[in-house]
Amino acid sequence: MTQKVVFITGASSGIGRAAALAFARAGYQVCGLARRADRLEALREEIAALPAPHGEFLAAVGDARDAAALEAAVARTLERCGRLDVLVANAGVGQLGATVDADWNDIETVLRTNIDGVLHSVRAAVPAMRGSGGGHILIVTSVVAGVHCPYTATYAASKAFLSSLAGSLRLELEDENIAVTDVLVGRTLTEFNQNRLGSRTELRGGLPTISADKVALALLRAAERKPRRLIMSLFDRLILAGGVAAPGIMAHLAKRQYEPADVD
């Protein structure tokens, strides 16, 4: 097959779902991995109903924290499509609450999903890309990777890990024609914020937001251009610049955003 093939984790909702639709509209063959089979089936039906021509969708039910599930899903993708060109390592979960007082199960879930899940995805996808003559890895991190974030510290630290990982992988894989992009996403209108683990405190408003569809289109463009970093907006650039130039001020602003209402 000559069509390009993309593998997307966390494909059942939010950015992952929007990315699956965007890549399918562009003619990519799409394999989407997520835990919720019903949502993957609904996504498959939606892609099948897109105006022709469009790519097909292969659903892979599994947990990104499970290395064997990732390896099996990539193997199915190769069996079905014959190649793998792009990985969108998107699966992730957030968490709110004081680090010391948070439920350890919540912290562990964040670390295993956001860090282990991406590592398993990359380690499963790269051998397939080597067999295809190269490829592109898009790692969805966050602008909070460059900011100290009280009360969402575990999440921010996991994204900082991924941002560092992306930079190192880029150099490790460049001689194999595999590009790596660090996708630094700001606040996005998805289910993500409602599904954060830990405190049920609503995030304070006032920050610009973007749609999942806008992020998905940016990912699609990046898959062709292969930038080292992908930043969605000027506001996101200002956050990252502030984290470098005035880390103390940015940390206090982040604290105001994420601090539970009952904390003085």
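Colleague: Where does Lys226 lie?
Modeller: This is a predicted model, numbered from 1 along each chain as its sequence is written, in which local features need pLDDT of at least 70, side-chain atom pairs count only at pLDDT 80 or more, and totals for chains, interfaces and linings use all residues. Side-chain values use heavy atoms, with hydrogens and water left out. Helices (H or I, at least four residues) and strands (E, at least two) are DSSP runs, numbered from the N terminus. On that numbering, Lys226 lies in the loop between helix 6 and strand 11.

Colleague: And what is the phi of Lys226?
Modeller: Most residues other than glycine have a negative phi. Lys226 is a residue other than glycine with a positive value, near 55°.

Colleague: Good. What is the order of the seven strands in the open sheet?
Modeller: Two strands pair if DSSP finds at least two bridges between them. Three bridges join strand 1 to strand 4, for instance, and Phe7 stands opposite Leu87 in strand 4. At the edges, strand 3 and strand 11 each pair on one side only. With parallel pairing, the order is 3-2-1-4-6-7-11.

Colleague: Which residue's side chain does the side chain of Asp85 make a polar contact with?
Modeller: Asp85 sits in the loop between helix 3 and strand 4, and its side chain reaches the backbone nitrogen of Val5 at 2.8 Å. A polar contact is a pair of N or O atoms within 3.5 Å; within protein, one must be able to donate a hydrogen and the other to accept it, and residues adjacent in sequence count only if both atoms are side-chain atoms. At 2.7 Å, the side-chain partner of Asp85 is Arg83.

Colleague: Last one: at what angle do the axes of helix 4 and helix 5 cross?
Modeller: Axes are lines fitted to C-alpha atoms, for helices over the stretch in contact (heavy atoms within 4.5 Å), and angles run from 0 to 180 degrees between N-to-C directions. Angles under 35 degrees count as roughly parallel, over 145 as roughly antiparallel, 65 to 115 as roughly perpendicular and the rest as oblique. Helix 4 and helix 5 are therefore roughly parallel. Their axes come within 9 Å and cross at roughly 15°.
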